[in-house]
Amino acid sequence: MATNQGRFAIRGKTHRSIRIRTHQDISMDAILSPMALSTTSRLLKTLGDETRLRILNLLRKGELSVGELQEVLNMGQSRISTQLTHLKEVGVLAHRKAGRRSFYSLCTCRSLALIVQVLDDADLVDEFRADDSGYQGAMEKRRQEARSYF
């Protein structure tokens with residue numbers, strides 16, 4: 001069996017090309033090999049939800065609390081918590097508590113590269129642009145609260 005293996009670049013990052021052994025055997029191990037098939041399947045299903053994509057897009061800008069996510073996304077706490085639980089289950093979120101507040105951020109996991117590729121064109125979506133302005137407002141509010149505290 002002949003194999004064809006080389007390198008290609010996507011947005012400045014070099015990846016191994018897809019190995020082709022036969023016309024029926026195409027492997028995506030260049031990008032997904034470290035993840036098990038079931039984990040990959042769960043991750044892709046998780047990325048199939050618009051609210052989760054909006055949350056991931058916000059969290060790649062920086063750490064946010066549940067209250068800040070509520071404010072930016074204009075959604076209820078229970079809906080956001082449900083989506084955060086789904087994202088935690090596939091291992092893409094890091095969580096920390098500070099007093100009564102819970103803060104979430106993207107973790108540095110193997111699937112992060114896939115998530116970034118999915119979200120790279122996020123600025124083209126109207127909801128993501130609106131979320132970005134809401135994120136800026138939430139960060140300004142956080143800075144003002146920190147100033148008034150000290």
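Predicted model: local features only at pLDDT ≥ 70, side-chain atom pairs only at ≥ 80, totals over all residues.
Residues are numbered from 1 along each chain as its sequence is written. Local features need pLDDT of at least 70 and side-chain atom pairs pLDDT 80 or more, while totals for chains, interfaces and linings use all residues, and side-chain values use heavy atoms, without hydrogens and water.

The protein chain holds seven helices and seven strands. These are DSSP runs numbered from the N terminus (helices: H or I, at least four residues; strands: E, at least two). Along the sequence, the pattern reads β-β-β-β-α-α-α-β-α-α-β-β-α-α. Of the 150 residues, 34% count as buried, meaning under 20% relative accessible area with a 1.4 Å probe, protein chains only.

Helix 4 (residues 66-73) packs against helix 5 (residues 77-89). The angle is about 115 degrees, and the axes lie 10 Å apart. Axes are lines fitted to C-alpha atoms over the stretch in contact, and angles run from 0 to 180 degrees between N-to-C directions. Helix 4 is therefore roughly perpendicular to helix 5, a label for angles of 65 to 115 degrees. Val66, Leu69, Gln70 and Leu73 of helix 4 make the contact with Gln77, Ile80, Ser81 and Leu84 of helix 5. Contact means heavy atoms within 4.5 Å.

Aspartate 131 lies in helix 7 (residues 126-149). Aspartate 131 is buried, with a relative accessible area of 2%. Its side chain makes a polar contact with the side chain of arginine 54 (2.6 Å). Such a contact is a pair of N or O atoms within 3.5 Å; within protein, one must be able to donate a hydrogen and the other to accept it, and residues adjacent in sequence count only if both atoms are side-chain atoms. Leaving aside neighbours within four places in sequence, aspartate 131 is in contact with Arg54, Leu58, Val72 and Leu73.

Conventions. Parallel < 35°, antiparallel > 145°, perpendicular 65-115°, else oblique. Buried < 20%, exposed > 50% of the residue type's maximum accessible area, 1.4 Å probe, protein only.
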